[in-house]
Amino acid sequence: MPIQESVLEQIRQRLDIVEIVRQYVPSLKRAGRTWKACCPFHKERTPSFTVSSDKGLYYCFGCQEGGDLFDFVMKMENLSFNETVKKLADLAGVEYQPQTGFSPAEQRRMDMRKTLDFAKKFYQKLLLSSSGTSARNYIKGRGLTKETTLKFELGLAPDNFTSLQQAARANHYTDAQLKEAGICTTSKYGLRDYFRNRLIFPILNQRGETVAFGGRILGQGEPKYLNTPETVLFSKSHVLYGLNFAGPAIRKANRAVLLEGYMDVIACHQAGFEYTVAPLGTSFTPDHAKLLKRYTDNVIVLFDPDAAGIKAALRGALILIEQGIFVQVASLSEGLDPDEYIAKYGKEKFEYVLDHAQDLIQFHTQLQLAKYPQPLQPQAKAAMVSELTETLLKQPDPIVRREWVKYVAEQIQVEEDLVLQRMHGKQRTTSRLEQKLRPQRAAAATPPKAQTFLAAEENLVSWLLRYPQYATGCEELINQFDSRTLAELLQAVCQAAAQNNDAAGFTERVKVLAPAHTQMAIRLSMTELPDDFNAQRDIDACKRAVKKEALQRQLTAVRQQIKTAGAGQVPAELLQKMAALQNQLKN
Ligand SMILES: [Zn+2]
């Protein structure tokens with residue numbers, strides 16, 4: 001059974017789409033009657049993502065992604081429609097109990113969450129029990145307090161292969177459920193618990209739902225850290241450890257610090273640095289960067305100053321700037337971990353390190369300078385410029401990029417122009433390569449000729465979506481439209497306006513009548529109005545333009561027929577028709 005429209009309506013009324021979107025896109029700024037930001041769904045440098053509070057809609061003029069509140073949350077959180085309604089209903093305080101069951105996929109995810117919660121409680125109870133003494137001593141040795149242990153819900157996997165599964169079976173969980181959740185696995189000895197003799201770190205997504213576990217070996221053994229495998233709930237590249245707690249602190253401080261592992265995050269949170277997170281395992285991905293961008297545009301990458309750490313930091317930093325994030329890098333002296341550093345030098349000193357983090361280009365340039373003997377030989381300079389060009393080209397902001405070029409030129413003592421030349425050379429090769437790889441995108445960038453011709457038809461529909469009271473009498477234009485899509489939309493507009501020409505919720509009503517063209521309807525209703533727009537005057541002018549263009553097209557067709565017929569062979573009625581059309585066009 002579909003969700004009742006009244007529930008959706010209540011949610012729409014109570015939640016402001018601008019407020020919801022802003023939680024994911026903090027850079028959203030007012031621009032006249034609408035709000036704008038760089039699009040969260042595609043990479044761009046100038047904002048074409050638009051949100052309208054009055055209409056309850058969003059639309060990106062860059063990638064044509066658009067919809068209402070539900071579409072947005074569904075897409076951002078990767079939820080089903082049902083789950084989205086549930087989430088937003090909770091947020092809006094609207095009573096909503098889905099009467100019918102969830103789809104099999106939804107049911108599967110809900111079962112998995114339940115199984116994971118069960119395992120989490122099992123591990124946690126064990127850590128706090130008498131068998132957890134040595135694990136608790138280890139935690140204490142790492143300087144973590146009892147409150148921290150409870151906050152992060154740390155647990156213990158005992159030193160055997162069956163404790164968890166026995167407890168789970170006794171609570172009616174099936175083997176299939178345990179395997180699907182990634183907490184048990186089949187071996188030649190039958191079903192085995194995934195973790196044995198490990199300190200357990202529940203991994204929560206940004207919404208605070210347990211989606212996986214990490215385990216650190218207690219005592220000797222390999223690997224030191226182990227995560228449960230990826231499941232339908234858990235994808236490593238979409239989760240940052242600690243973000244469920246860090247989110248508000250990141251927004252408040254307007255910065256995030258990227259650390260290396262769970263223990264670093266936990267220690268930093270305990271010390272009051274709550275804007276810290278870590279990827280799971282070593283790899284930081286563009287999805288992680290996008291996730292962070294929902295909270296802030298400033299990220300500090302704190303890394304281990306060994307070769308592997310430096311490489312990882314540089315890689316992560318480049319991924320972050322590509323997403324338009326301002327990146328700085330810092331490392332702690334003596335190769336200390338954050339907890340060791342804070343214990344030895346105190347919180348103020350740690351904060352000082354963060355506040356004095358290096359700009360990415362400084363970091364990269366200094367690394368290069370350390371690689372070659374001084375004074376720099378010409379070949380060394382050339383090699384350095386080539387290497388640094390990679391970083392320079394990733395900087396999306398042209399002003400910052402120019403400053404970076406200046407810095408690099410000064411440090412290496414070469415002419416700025418030479419750095420720029422090298423950059424342009426590289427850019428050309430890359431863009432040529434990109435064109436080859438993505439021919440369809442290059443084609444999409446050049447609008448088809450017919451588009452300019454459609455301006456009047458498009459404007460008319462766009463304006464009527466805003467001012468449906470002027471739709472009366474527009475039915476006669478439907479047949480004169482050149483574009484099938486726009487004609488069908490105009491028909492829906494006329495029909496919707498005949499029932500109710502109230503501007504509030506009008507686009508929604510049109511969408512229902514023209515389900516095949518909802519994206520177009522959203523785009524047109526979000527297109528900006530000219531500054532001096534006058535509904536009566538401009539809509540009338542538009543109607544005249546549409547009629548004129550229709551006549552023009554007929555005239556062109558008739559002229560073509562006359563031409564095909566050839567001189568002296570032209571039927572009289574064709575000539576009469578041409579004359580009539582020419583007359584009509586004059587009026
Ligand atoms: Zn977009």
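Reply: Helix α4 covers residues 81-92, which is 12 residues. Helices here are DSSP runs of H or I with at least four residues, numbered from the N terminus. From its first C-alpha to its last, α4 reaches 16 Å, close to the 16 Å expected at 1.5 Å a residue. That expected span is 1.5 Å times one less than the number of residues.

A note on the source: this is a predicted model, where local features need pLDDT of at least 70, side-chain atom pairs count only at pLDDT 80 or more, and totals for chains, interfaces and linings use all residues. Residues are numbered from 1 along each chain as its sequence is written.

Now look inward. The buried residues of α4 are T84, V85, L88 and A89. Buried means that 20 or more other C-beta atoms, placed from the backbone, lie within 10 Å of the residue's own. Seen down the axis of α4, these residues fall within an arc of 130 degrees, so they line one face of the helix. The arc is taken from the directions from the helix axis to the C-beta atoms.

What does that face meet? The buried residues of α4 pack against α1 (5-14) and α3 (69-77). Contact here means C-beta atoms, placed from the backbone, within 7 Å.

After α4 comes G93. Its phi is positive, near 70 degrees.

For the wider setting, turn to the nonpolar cores. Such a core is a set of buried Ala, Val, Leu, Ile, Met, Phe, Trp, Tyr and Cys residues joined through C-beta atoms within 7 Å. The largest has 91 residues. Helix α5 (residues 104-128) gives the most to this core, with 8 residues. A second, separate core of 53 residues includes I11, Y59, Y470 and L477.

Definitions and conventions:
Helices (H or I, at least four residues) and strands (E, at least two) are DSSP runs, numbered from the N terminus. A residue is buried if 20 or more other C-beta atoms lie within 10 Å of its own, exposed if 12 or fewer, and partly exposed in between; C-beta atoms are placed from the backbone. Two residues are in contact if their C-beta atoms, placed from the backbone, lie within 7 Å.
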